[in-house]
Structure formats: structure tokens, C-alpha cells
Amino acid sequence: MEMFLQGAAEVLSAPTLLYMLIGSIAGIIAAAIPGFTVTMAIVLTLPLTFAMEPLQGISVMLSVYVGGYTGGLISAALLGIPGTPSAVATTFDAFPMSRNGEPGRALSIGVWASFFGTIISTLVLIVAAPPLAIFAVRLGPWEYFSLIVFALSIVASLVGNSLQRGLIAALIGLAMSTVGTDPILGRPRFDFGLEVLAAGLPFLVVLIGIFAISQLASEVEDARAIQKGEKLVQGEIDFKTWQVMREVVMRPVNLIRSSIVGVLIGALPGAGGSIANLVAYDQAKRASKTPDEFGKGIADGVVASESGNSATAGGGLIPLIALGIPGSAVDAILMASLMVHGISVGPRLIMDNADLVYGMFVAMAVASCMMLVVCIVSMRAFLRVAEVPKWAMVPVVLVCCVVGAFALNNRVTDLYLLGAVGLLGYALRALDYPLAPLVLGVILGPIAETNLRRALMTDADWTLFLTRPVSLLFLIAGLASVAWAVRSHLKGRTQRQAQKEKTP
């Protein structure tokens, strides 16, 4: 208790709270700009914390971290463009909700879901950090590959109205993930001798091109609408904060389930919010009594995706605090910050620096509260985006996308790739191909390939994927997931055909 009070006192000091508030605002703004990820915001924050006390610096970066996970919601809901990779599934229902005249409700649901997801993950972090971390570290490449196979099974529920088109889109995404340097041997492959493909297809470039460029291109198809000054989204600038909070709280099962999914996936090194976002959304859709409403602007979809991705913030700290193993790139930066201040990160961290660890717990809770306050206060300003006509909005967002894609690696070739991928996304959208399976393939393809090859290099016996209990459990879950999705798809197609026959 003494260590807890000591850590809390430092976090709750006026200078630390002020710095955390600035960090929260910076994280939200950075993540709202397509291409400027949470990791980039944390990297820019790191040098500014060197002159601070260790806990103060960590608290500031945690506030950027938490704010960044929520910031991606803003562009996802208002523009249909995920601000960060962890907001991909948020676009599925938040943007249709905005298009249906409820942009304020879409943003408010996402903000409250993010807040509760972070709080739940912090509670789990405090109670279950050591056992969860030990379990996560014991998983080998066999279990990780099986986990990714399970995650890839989500494709079956994201295919839209055509199972064949959804699977084709997923295969395109997997193929795109193999272009560039071999992740194990470091040799070039599938670049066809083109310098522009030598470095591969960066995931963020693909994400921005597929979602942002294709969305912007489709928005300017109607020249008359542009000339009339039509807005990107229509609706009242009203967000009814407390009414929406009750709406989120009245979905406790979805909220808690999605948050737990985020914590568990966040605790697995290398997984992260982009996977948790999609898995939580998928589980919510499967458990829903009205799965056909997902993708049309249902609140459950926004709650699941946002609580799932925000909960990974607490989940990612579990292996870092308990074992000194970073769960993501952001956690690796937090770890580097501690080492700069001379703090040894490992299993003895919580024993030798209990005040620091307890202070991090308090900082997570404070950062989530700050994020909530900043979003509520500035919500009306965010919603002004809905009042900007398309002729002004499209070029501004396009410039932000181009700058974000270039800032990733400072390569001009990435801009060529951005244009090419954007045209591909626009063509697929015009042909009614779902884009989510493609992005999922690009995200999970490299992780699946790397762990499959590591497993076979460690032991050539492929039956280990079936004889290791956790690996087998994930594979069975993946098969069950595909079977359920195919059954639901066939059932839905039968119902649509029956409705067409009844219609005169």
C-alpha cells in the first residue's frame, strides 16, 4: 500500500497531470490523421521524456498511447478511413452510422467504449499480470501460427454478400504480404525486378490506399454533388454524451467480452490492437441475435471494435511488467524509456520498483479519464468535420494521407505504391468486393508465415500443430468459426432468395 500511494502521489502531481493532458491531446490528434500511427506519436514523445523522472515520462507516454487508440476512431467514424490500423473494424459500423445521420452518436459510442475498455484492461492488468504473462511467454511458434489461423477465419464473416469475392479479396491480401524481402532469409522475392517493390508493400501504405484513396475516389464520382457543396456525412451536431454512456453500459456482455479479447490478444507479443479490433468485432457479430445488422451502423459493432482495441493497451503491458518482454512496438519503446533511466526491466521489475509499477497502473486509469474528458470537451469541434463540403474535405484528407504514407519510411516509391493500391481498392469497391478481408490478409500474412517457418525450422514434425493442446484448441476454434460463418452465409442467402420470390 505504501508503494502504491507513493506511485499514485507522483502521477497525481500537478506537473505530471499537465504533461499527461498534453500527451493525451497529442495522441488523439496524431491518431486521427490517417497514416500517423500511435507508434509514430510515441517515438516523437520519447526524446521529450528523457529529462523527466522515470514514472513521469512513462505516464506521459501512456497518455499518448491511450489517446492514440481512441483517436483513430475520429476519422473512421467521420470519413470512413481508419486513422490507425487498430481502427479498421470501427469503420464497419461507425461510418454507416454517421452516414445515417448520427455522427455524434457514432463518435460518442466509440469514445465511451474505448474508455471502459481501457479501464477493464487496467483492472485485469493489476490482478492477473504475472499468470497471464507466464502463459503468453510459454506459447511457441506452433501456437502463434494456430492463433493466426483462427484470426484468419474471421475472413469468413467479413465477406459481405459474396463468399467467393470475400475469399478472393483475402487471397489478394495474403499475396500482397509476400512481396518484398523474405522475413526469415532476408532475400528479395516476388518483386519482379522492380525497385519500387524491392522493400515490399508496407502495411500502412496498403491500409491508406485501400480504405482512404478508394473512399475519397468514390466520394468525387458525382460531379453535381461536389458542385452543390454536399457534405461527406449528414446529421445533427449533437452527441448526447450521458445518454450514449447508458447505451454503452447497457451492453455489458459485449463490452466485457470484447475488452477481455483485447487484453488476451494484447498480452501475446506481436499481436496488437489491429488483430484485437477485428477479433472482438467478429465475436460480437457471432454472439448477436441480429448479425445481419452488422455493417449497417449497429451500436454493438462500434462497442466491440473500440473496447477491443483499447483494451490491448493494458494487455500489452502484462508481459512487459511481469517478464520484461514487450508485447508490441509501443511497449518496446516504453521498455527503452525505462532502460534509459537505468531501470532494469524483467521479472524483478515489480519487486525492485513497486512504486513505479503501481504508478503505471494509476497512470493508465488517469490517462483513460483524460482521454474521455478531452474527447467530450472537443467532440463538437471534431463533429465540425461533418459540416465541411466534399470539395474542401477530399483534397485536405488526400494530402494528409500522402504525407502520412511518405512519413512512414521517407520513400518516394511508397507514394507510387499508394496510388497503385488506391486504384486497386477503388476497382475492388466498384466491383463490390469487400475490402476488410484484403486488409486482414495483409496484416496476418507475415505473422502467419514467420511463425509457420519458425515452427518447421525448430522441428520438422508438422503433427506438433495438432498434438500441442493450445495449438489444437486454436485450430479447432478456427474450423468452428469458418463452419459457423459459412452456415450463416448460406442461411442468409436462402432468406434473401425467399424474400425476392415473395416480392411481386
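Buried means under 20% relative accessible area, exposed means over 50%, and partly exposed sits in between (1.4 Å probe, protein chains only). This is a predicted model, where local features need pLDDT of at least 70, side-chain atom pairs count only at pLDDT 80 or more, and totals for chains, interfaces and linings use all residues. Residues are numbered from 1 along each chain as its sequence is written, and side-chain values use heavy atoms, with hydrogens and water left out. Helices (H or I, at least four residues) and strands (E, at least two) are DSSP runs, numbered from the N terminus.

- Most residues other than glycine have a negative phi.
- Asp432 is not a glycine, yet its phi is positive, about 65°.
- You'll find Asp432 in the loop between helix H19 (413-430) and helix H20 (436-458), and its relative accessible area of 49% makes it partly exposed.
- Phe190 isn't a glycine either, and it has a positive phi of about 55°; look for Phe190 in the loop between strand E2 (188-189) and helix H9 (203-219).

**A buried loop residue**
- Ile154, in the loop between helix H7 (141-152) and helix H8 (163-177), is buried, with a relative accessible area of 3%.
- Leaving aside neighbours within four places in sequence, Ile154 is in contact (heavy atoms within 4.5 Å) with Leu278, Val279, Asp282, Arg286 and Leu440.

**Salt bridges**
- The whole structure has 12 salt bridges, each a side-chain nitrogen of Lys or Arg within 4 Å of a carboxyl oxygen of Asp or Glu.
- Arg105 pairs up with Glu247, their closest N and O atoms being 2.5 Å apart.
- That pair links distant parts of the chain, with Arg105 in helix H6 (residues 103-137) and Glu247 in helix H11 (residues 241-249), 142 residues apart.
- Arg468 and Glu143 form another salt bridge, with the closest N and O atoms 2.7 Å apart.
- Arg468 lies in the loop between helix H21 (464-467) and helix H22 (469-502) and Glu143 is in helix H7, so this pair ties together parts 325 residues apart in sequence.
- Glu143 is buried at 5% relative accessibility, while Arg468 is partly exposed at 26%.
- Arg453 and Glu449 also meet in a salt bridge (3.0 Å, N to O), and they are separated by about one helical turn because they sit 4 residues apart in helix H20.
- Salt bridges that share partners join Glu102, Arg105, Glu247, Arg251 and Asp300 into one network.
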